[in-house]
Structures are given as C-alpha cells and as structure tokens.
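I opened this structure to take notes for someone who has not seen it before. The entries below follow the order in which I looked things up.

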Amino acid sequence: MPPIQPRRTVVTSSHWGAMEVETDGTRLLSARPFSDDPAPSDIAHILPQAVHHKSRVTRPSFRRSWLEKRERQGRGDGDYVALPWDEALDITAAEIDRIRKTHGNEAIYGGSYGWASAGRFHHAQSQIHRFLNSIGGYVSSFGSYSTGCAQGIMPHVFGISFLQYTYSAQDSWETLERNTETLVMFGGINEKNSQVSMGGITEHETGSWLQRFVDKGMRCINIGPQRSDAPESCEWIPCRPGSDTALMLALAYVLEEEGRTDYDFINRFCIGFDRFRPYLIGDLDGQPKSPEWAEEICGVDAEDIRELARHMAETRTLITVAWSLQRAEFGEQPYWMSAVLAAMLGQIGLPGGGVGYGYGAIGGIGKYIDGPKGLSLPQGENPIKTFIPVARVADMLLQPGEPYDYNGTRSPYPDIRLVYWAGGNPFHHHQDLNRLHAAWQQPETVIVHEPWWTATAQRADIVFPATTPYEREDIGRSDLDEYLFHMPALVPPQGNARDDYDIFAGLAARLGAQETFTEGRSSAQWLETLYADFYSRAQQSGHSVPDLNALRAQNWVKLPTRKADAPPSFLARFRADPEKRPLATPSGRIEIFSETIDSFGYNDCPGHPVWIAPREWPGAATEDSPLHLISPQPGDKLHSQLEAALADQPGARPETVTLHPEDAASRNIKTGDLVRLWNTRGACRARARLSTDILRGVVALPTGAWFSPAETPIDMDGNPNVLTRDIGTSRLGQGSSAHSALVNIEKLDADH
C-alpha cells in the first residue's frame, strides 16, 4: 500500500457519492461533496466525526461471561475484555474449529449485508463468504431486506431475476423523457432514497429528471401516503398504505368494463388472463373489483380512479412501483398486479411504457452504463447448499429444525451454533428487534467485525475492530456509474483496527486454509491482481481505462460509458418476436396466472394476483393501535451508518416522527414535542413533526437510529423496528413485512 501522505485533499468514493476529503495524514479534517456532482447528498459532512468517534472498536474484544464461562445469555449486557490480536485469533479459530468439527459447517451462519464499503476489494460480504467457503462452507441467505419479496415473485411472472429486470430491462431517463406521457408512481420516486447506490453513485440526478418530465408536460402522479415521496410538482393521490393492489385492481376493472383492455397484447404475449378475469369482474367471489369497492379500501375517490384508468389507456404510460411496496405483508401482490395492469394496457416492451420497479430506490436506476465489468473478489464455492430467506434469521435462531415454506419448497431451519457477521448491522435492518434480541441469545457463539460499537457489536461474544474505507486502499467502481476512483488510505487504522481481509487471513492460517483464502497474496497484491484483470477486460472490450499507477496519480476518471439509449431490453425483443424470444417462464409468456404458484397451494399467494387485507393496516386499526406506521429510509445517512456521530448533534435524537395535524390535535401533540410510540411488540421515543403532506391515520418514522433500549424498556433514540412485525410477506417470498404495522402515539413529559 502506498504510504499515507501528509495534509492534502483527496477525492474518494462512498455509497452516497464521491467526496472531497481533507486530511493531515493522521485525522480527517473535513469532507464535502464532489464538485462535479450536480445535486450532491449532504451526508458527507459528518464523516470526520464518525471515523474518529469515541464509539470506535479499538481492540479485539471478548464478552467476559462468554470468555470465562461460554455463557450464551446476557448478550447486550455485561463488559468486554480486550486481548492482543494473536491471542484473539487463536481463541476464535479454536472456537470455529470446535463448531465445525462437532456440529458441521451447516451449524455456521455467515451474515453480511454488502454496504460496508464502495470499494471493490474490501467488500465485506465478498470477504466473509470467501473465508467461510475456504474452511468448508456455511449456511447462507438469499435476497435482501430491500427486495427479497420481489426476488421471489418476479421470476414467476417475467422469467428473469428481479435484479436483472431492474438493472438491465428498464428504460433510461432519456428514453422516458422522449416517450412517456404518463408516469404513475406507486410509492412515489423519492430523491432522498436515490442519494445512495450499491458501489456508489457520483452524479445525483433523479430529482432533476423528474422536474424535466414535469416541465415538458408529462403527467407525473405520486400514489401513496406521503406527498414527500415525489417532488411537489407531481400530482399526489393519497392512498392508504397496504392498499395499492386494490387500487390497481380497480384500474384494471375500468379497463375491462370500458373495453380498453388490449386483448391483442394479452392473447399474444400473456397467459392466464382467462383465469384472472373472473376474479376481477366478481364472477369468482361475487365482488367486482370496481372503483367503488376500491374507494372503501384505499380511500381514493371512485371517479378519480376511473379518470386515471382512462388517461393511462389513452397515453404512453409507465407504471413504476417503489421497493417499499413489497416490504409489507402480501407484498408479492402489488408487484404481480402492476405487471398485470401494464399487460392490460398493452405497453410492455414499448419505449417509455409498461412497468418498472425501483426508479429512485437507488441512484443508478435510470442510467444506462455500457462499461467494463470486473473488480470482484472471487468468493469460491460454498459446499453447504442450505440457505434461508434473509429476513428469516430470527425464525432460524429461535426455531431450529422447524419446517417452513418458501417458494414451493418446505425445509427445516438449520441448527445454527455460530453466527459470523461482517458488514452490516442486523439490529438496524431486521423487524421486531426485541424478538431478534431474544433470538440472538440462542447460538453458542457470535462473532462480529465492526468499526463501531453498534447494537450488533454489543451483542457479540467476539468483536474484531475493522477498518473503515478511509483507512485502507481500494478501487471504487459500480456497474451503474461512469466514474472510476482510486480510494487511497487517508488515515492509519484507528486503534488496533485491521482490514477484514487481514483478520480472515489470520484465521485461515490457523484453520489450515491460508493458501485457499489468500492464494499467497497480500491485500495490495490482490488489489493489483483484480485491477489487472479489470484493465485487461476493458482493453478487450474497447474501453480505455488508466492502469493502476496512472489511476493512483489521477485519483479519479470519468469514463465515456454513459449512453442515452440502451439496446432493446429482453421485453422489447420478446415483444418483437415472442416465438423466437420467449420468456424463461414455463409458458414462455408473461404469467398473469401461474400454474407453478397455484400448485404450491398457498392461500397467502394464490395463482394470480389478489387483494388480501394485511393483518395490520389502516383497515384493521383498533383503539389500542389506531395508526399505521411506515418506516422509510433516512435522509441523513445510509441505513444506520455514521449514526454515532449524527446522534451527537444537538437535538438530533430521538428521531423525528411525522404525523397529520388532526391526529396530533386529538393527542395534544405539537411540532417539537417528545412522544412515545408503542404497540404490543415494543416502544420508542421520537420527536414530533406535524405535516399535511402525510395521510391522516399514518405516521412516518425513518429507520437508522441505533437500537438503544432502556430499562423501561423503551428505545430511546427512535428505532421503528422495535415496533415492526417479524413475519414473512407470504410463504412464497418470505420477505420483510416492515410496512405492515399498527401503533399508538402519545405525548411525553419533557423529562422522559
């Protein structure tokens, strides 16, 4: 690694964008957004305080009661013993070896969430998977909290993985500007969410594109419980959370009732409409899915539904669906129904028409980048084929051996004895954190790599201090971005922190897997090897990129890889010739009715999209839990990162909850008041903010505050996941149901 230089300003990359960071070689002095970013995130400013925060893990630390007595209970309480690195690695390697020899590698769960760094080599998820594969494998997870439900349902409908659809089959912003006349956004397109992206997003432009659409006369319609989920210049149709499928069904009903269904498209490109139509018009259950029926469910006026359906049929319409809609009980249904509605309009595969998922969810969606691939650390092969849907980790720990259904299979949960986590904070992502806390007491050992003492680190038996991206050399590169960055080490590792790679290399050496894991390479040699492969691939594909030494000297380069027009997507090719270009579904067509799903016999996800009322939504509100909680992504950070420093800012915590003035008035709550939110699962504090831009009966509390329960117990900083329900979306997707939660709220005295 090149030596750390004295005072200078360097551009480095992060998941929320590039930053110009000033350092004196010992400390980060300041951080500001990259000057070439037209609409930068303001997350960067807190970085120096976070990197040098008092909450950094500085030495290998062992929970005393585990070290002395191997006690499982008490995670989250008690003190830690700091040990030298060699002794810490010896103890840890011996424990891993004991678990795998006594219980097998299927007793090891490898947890990670991939957002630890925008750097390609020091990618925590790749590092931990490579290490665990090198020592015999591990139980893995499938999907993400953001899209796990969609990843289950969409291959049945379109015959392609959800992420492939999202990243390779959706139109660019330029295509939408030229062709789309009506943009119908279920869940909105929120500029706040698009400030982050996997691997980094350098030029933030989602908001400017939406404004351009409005300025050119495109009708942009935000459907959801919050006006703020799209720019104010967009129309807002307030819609109760959890009811989007009912609204989509009513729109489809109008198309069918008024003879606007595109039967030419349905008959040539789809299968199963004849099985779906009796449900839609009410022949199957006696209930037509009319606008009047939907009005009672979603709160949208029936005539407004009719007008919108007609307008969608008469114009080039793109339906977009936010990722948040599938993070709810029965979240498969709005994703499937949006595809059916788009099929009935007959515009799937046309430029600027059809259906898209997650525009605005992350910053790279809407850009078409034709650039070189590569720069990924090989993870090796996992001999253990057992996996769980990612959001079912608490179930797995609490119910070993119990069978569960998932996407047509029925399997027992593995009996996990050791959890190894590197990259990510499950006590941020997961639902019902008090339940997760109980589940976390079950394994024999929990090992965590962390830069900070997060709630996850505080519940580990072994905590290894990990470096941040600003303490090591790396390369910043994303397939969704046209920039390439050299990310130099800006300061030395804080305390006794080590890179994940060096920690794993030390363990691999003690477990007889050093050569398998390292292949004889140091971090610097791996970086050179990966970049050399990337450079060679770029040359072969006709892309000009600097060699590694030149990139180090330049710091960053903008590659000419952004294209306004993507090649025809798989849906455009399918539309052009469905016989020669069939979809990878059983029928080769878009599946409005799926024989495969129907064969599973799931009453919570039958063979075609249906409206099923969630167990917790506004229609099920009670006197004890009258308000529907939504928990959006935070605007001041990525997930829970940098929270330690943000929480230090005067008045920053507890987190702010937004509620309608009428809901506040009946409780004598004013903006700025300290409030308590609660239900049967838990309670948390928050700071009230009143707004008419949120639907009455709904409250919004962003995620990201560190889980910090007090003795009462009440979460002091405002983590909404003490309130959310830990159930799968359905037996098909088993995704996160964070947005299906009812709560109550009351004013607190100032001294609480």
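This is a predicted model: local features need pLDDT of at least 70, side-chain atom pairs count only at pLDDT 80 or more; totals for chains, interfaces and linings use all residues.

I began with Cys298, which is buried at 1% relative accessibility. A disulfide is a covalent bond between the sulfur atoms of two cysteines. The cut-off I used for such a pair is 2.5 Å between the sulfurs. My count of disulfides for the structure is zero.

**Aromatic pairs.** How many aromatic pairs does the structure hold? I counted 40. I looked at Trp173 and Phe213, whose ring centres are 6.0 Å apart; their planes stand at 50°, so I noted the pair as tilted. Trp173 belongs to helix 7 (residues 173-179) and Phe213 to helix 8 (residues 206-215), so this contact ties together parts that are 40 residues apart in sequence.

Next I took Phe504 and Phe517, an edge-to-face pair with 6.2 Å from centre to centre and 65° between the planes. Phe504 sits in helix 18 (residues 500-510) and Phe517 in helix 19 (residues 514-518), 13 residues apart, and the pair links distant parts of the chain. I found Phe504 buried, at 0% relative accessibility. Phe517 is buried as well, its relative accessible area being 0%.

I also noted one aromatic cluster, made up of Phe158, Phe162, Tyr165, Trp323, Tyr335, Tyr357 and Phe570.

**Charges over rings.** I came back to Phe517 and found Arg130 over its face, 5.9 Å from the ring centre. In another place, Arg275 has its charged end over the ring of Phe593, at 3.9 Å from the centre.

**Helix 18.** Is this helix enclosed or open? Eight of the 11 residues of helix 18 are buried, so I recorded it as largely enclosed by the rest of the structure. The buried residues include Asp500, Tyr501, Ile503 and Phe504. Further along the helix, Ala505, Gly506, Leu507 and Ala508 are buried too. After helix 18 comes Gly512, which has a positive phi near 75°.

**His429.** I located His429 in helix 16 (residues 426-429). The residue is buried, with a relative accessible area of 12%. I compared its position with that of Gly224, 205 residues away along the chain, and the two C-alpha atoms are separated by 23 Å.

I traced six strands in the order 5-4-20-19-18-6; they form an open sheet with mixed pairing. Strand 5 (80-82) and strand 6 (108-111) are at the edges with a single partner strand each, so one side of each has no neighbour in the sheet. I noted an average twist of 15° from one strand to the next. Strand 6 runs parallel to strand 18 (residues 418-422), and four bridges join them. What stands opposite Gly110 in strand 18? It is Tyr420.

I checked strand 28 (residues 674-679) and strand 31 (residues 742-747), which pair in the antiparallel sense over four bridges. Trp678 has Asn744 of strand 31 opposite.

**UniProt features.** Last, I read the record, an unreviewed entry. UniProt places "domain: Molybdopterin oxidoreductase N-terminal" at residues 12-52. In the model that span is 12% helix and 29% strand, and its end C-alpha atoms lie 17 Å apart. The record also has "domain: Molybdopterin oxidoreductase" at residues 56-509. For this one I noted 36% helix and 17% strand, with the end C-alpha atoms 27 Å apart.

Methods. Residues are numbered from 1 along each chain as its sequence is written. Side-chain values use heavy atoms; hydrogens and water are left out. Rings of Phe, Tyr and Trp (its six-membered ring) pair if their centres lie within 6.5 Å; planes under 30 degrees apart count as stacked, over 60 as edge-to-face and the rest as tilted. Helices (H or I, at least four residues) and strands (E, at least two) are DSSP runs, numbered from the N terminus. Buried means under 20% relative accessible area, exposed over 50%, partly exposed in between (1.4 Å probe, protein chains only). A charge sits over a ring if NZ of Lys or CZ of Arg is within 6 Å of the ring centre and within 35 degrees of the ring normal. UniProt positions are given in the numbering used here, feature names are shortened, and annotations may be inferred rather than shown by experiment. Two strands pair if DSSP finds at least two bridges between them. Axes are lines fitted to C-alpha atoms, for helices over the stretch in contact, and angles run from 0 to 180 degrees between N-to-C directions.
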